[in-house]
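Thanks for coming. I'll take one structure and go through its salt bridges, its strands and its overall dimensions. Here it is.

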Amino acid sequence: MTDSLLPPNATPLETALAQVMAERIGALAAPLRALWSPTDCPEVFLPWLAATVGVEQWSDAWPIAIRRARVASAIAIHRYKGTVRAVTDIASAYGGNLRLTEWWQTTPPGAPFTFALSLSVGGQVAAPTADFITALIADISRAKPARAHFTVTTATNAVTLSLAANPSGSTLSGTVTVNAGNSGVPGVATFSTLTLNKAGVGYTLSASSIGLIAPSPVSAAFTITPDVPTQLTFQT
C-alpha cells in the first residue's frame, strides 16, 4: 500500500519526485488548528481565513480585535442572513450597538418592509473613521432581508467624558462635552482639547450620553508621564 497518488504507469522520475516532495512537505510545521482559529490565526494570514469563511468586507486598517470578531461571526451570519439577528450580529462584530425599529413598530406605521437603525460604535483605541462606518453599513446591507430598505440615524447627541479611574487625583480639563459628529465623521464624538495635570498610571475615561450610550463605556487604562525638564530654577 502506498500514499502516492501517481497512476500505475508513472515513470521512475515522477515516482522519485513525488517521494522527495512528500518528505519535504511532511517536514514542514503546519499548525492547522491555529490557522483555522479566528483567535489564534497569525495576523498575516487573517485575510485568507476571512475569505475562506465568506467575510465580504475587509480592511487591514481595522483594529485586530474587530478583524478577529468579524471572522469569528462570519459563518453564523451567513446562516441567518436575511434576518434581524444577522444585522445585529454584524453590528456586534464591528464593536457596535444598534437599535433597530421596523416599519410596523412605528406610529403611524412606516412604508412596508423598511426599518431604521440607530447605531453607535466604540471600544476602539482610535475613533472609528468614515471608511469604517461605511464598511459597517455596507455589511448590514448584505445581511438584511433582500426586500427591506433602511435608513441610518446619525447621532448628534452630546457626549461627556469623565475620569473613571483617577490614581493620582488629577483634574480633567478642556472641553469635556461635545456633540457626536463634531469631527465630520457621522456619529463619532472627538475630544481634542483634554488635559490631565498630574502624571499617573492606570487612568481610565468614561463616556456618557443621554439616550445614546447605556451602560457608560470605560476606556482602556492609559499612563500620563511627566515631561522632560528643560531648565532648573532656584527661588530665595
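**Salt bridges, strands and dimensions**

Start with Arg-142: this residue is partly exposed, at a relative accessible area of 34%. The cut-offs: buried is under 20% relative accessible area, exposed is over 50%, and partly exposed lies in between, with a 1.4 Å probe and protein chains only.

Two sentences on the source. This is a predicted model, where local features need pLDDT of at least 70, side-chain atom pairs count only at pLDDT 80 or more, and totals for chains, interfaces and linings use all residues. Residues are numbered from 1 along each chain as its sequence is written, and side-chain values use heavy atoms, with hydrogens and water left out.

Back to Arg-142. What does Arg-142 form a salt bridge with? Its partner is Asp-139, and the closest N and O atoms are 3.2 Å apart. A salt bridge here is a side-chain nitrogen of Lys or Arg within 4 Å of a carboxyl oxygen of Asp or Glu. Both residues sit in helix α6, residues 130-143. They are three residues apart, about one turn of the helix. Helices are DSSP runs of H or I with at least four residues, strands are runs of E with at least two, and both are numbered from the N terminus. Is Asp-139 buried or exposed? Asp-139 counts as buried, at 1% relative accessibility. There is also a network: salt bridges link Arg-70, Asp-139 and Arg-142.

How many salt bridges does a search of the whole structure find? Five. One of them joins the side chains of Arg-67 and Glu-43, at 3.0 Å from N to O. Arg-67 lies in helix α4 (residues 64-79), and Glu-43 in the loop between α2 (32-35) and α3 (46-52), so this pair ties together parts 24 residues apart in sequence. The two ends differ in label. Arg-67 is buried, with a relative accessible area of 5%. Glu-43 is partly exposed, at 44%.

Next, Asp-89 and Arg-85. Their closest N and O atoms are 3.6 Å apart, in a salt bridge. Both are in helix α5 (residues 84-93), four residues apart, with about one helical turn between them. Asp-89 counts as partly exposed, at 23% relative accessibility. Arg-85 is partly exposed too, at 43%.

Now the nonpolar surface. Which residues form a nonpolar patch there? Met-21, Ile-25 and Leu-28, with about 330 Å² of accessible area together. Patch residues have over 30% relative accessible area and no salt bridge; like charges are joined within 9 Å, and nonpolar side chains (Val, Leu, Ile, Met, Phe, Trp, Tyr) within 5 Å. Areas come from the Shrake-Rupley method with a 1.4 Å probe, and for residues only the protein chains shown count as cover. Ile-25 belongs to helix α1, residues 12-26. Ile-25 is exposed, at 52%.

On to the strands. Two strands pair if DSSP finds at least two bridges between them. Strands β1 (residues 96-102) and β2 (residues 114-121) run antiparallel, joined by seven bridges. Leu-98 has Leu-119 in β2 as its bridge partner. On β2 there is also a parallel pairing, with strand β3 (residues 149-153), over five bridges. There, Ala-116 stands opposite Thr-151 in β3.

A further set of four strands forms an open sheet. The order is β6-β4-β8-β9, and the pairing is antiparallel. β6 (177-179) and β9 (222-224) are the edges; each has a single partner strand, so one side of each has no neighbour in the sheet. Neighbouring strands in this sheet are turned by 40° against each other on average, direction ignored. Axes are lines fitted to C-alpha atoms, for helices over the stretch in contact, and angles run from 0 to 180 degrees between N-to-C directions.

Inside that sheet, β4 (residues 158-165) and β8 (residues 200-208) share five bridges and run antiparallel. Ser-162 pairs with Ser-206 in β8. Ala-158 lies in β4 and is partly exposed, at 37%. From Ala-158 to Val-178 is 20 residues in sequence, but 5.5 Å in space, C-alpha to C-alpha.

Last, the whole protein. Its secondary structure comes to six helices and nine strands. The radius of gyration is 26 Å, while a compact globule of 236 residues would be near 18 Å. That radius is taken over C-alpha atoms, and the globule rule is 2.2 Å times the number of residues to the power 0.38. Along the principal axes, the C-alpha atoms fill a box of roughly 95 × 70 × 25 Å. Buried residues make up 25% of the 236.
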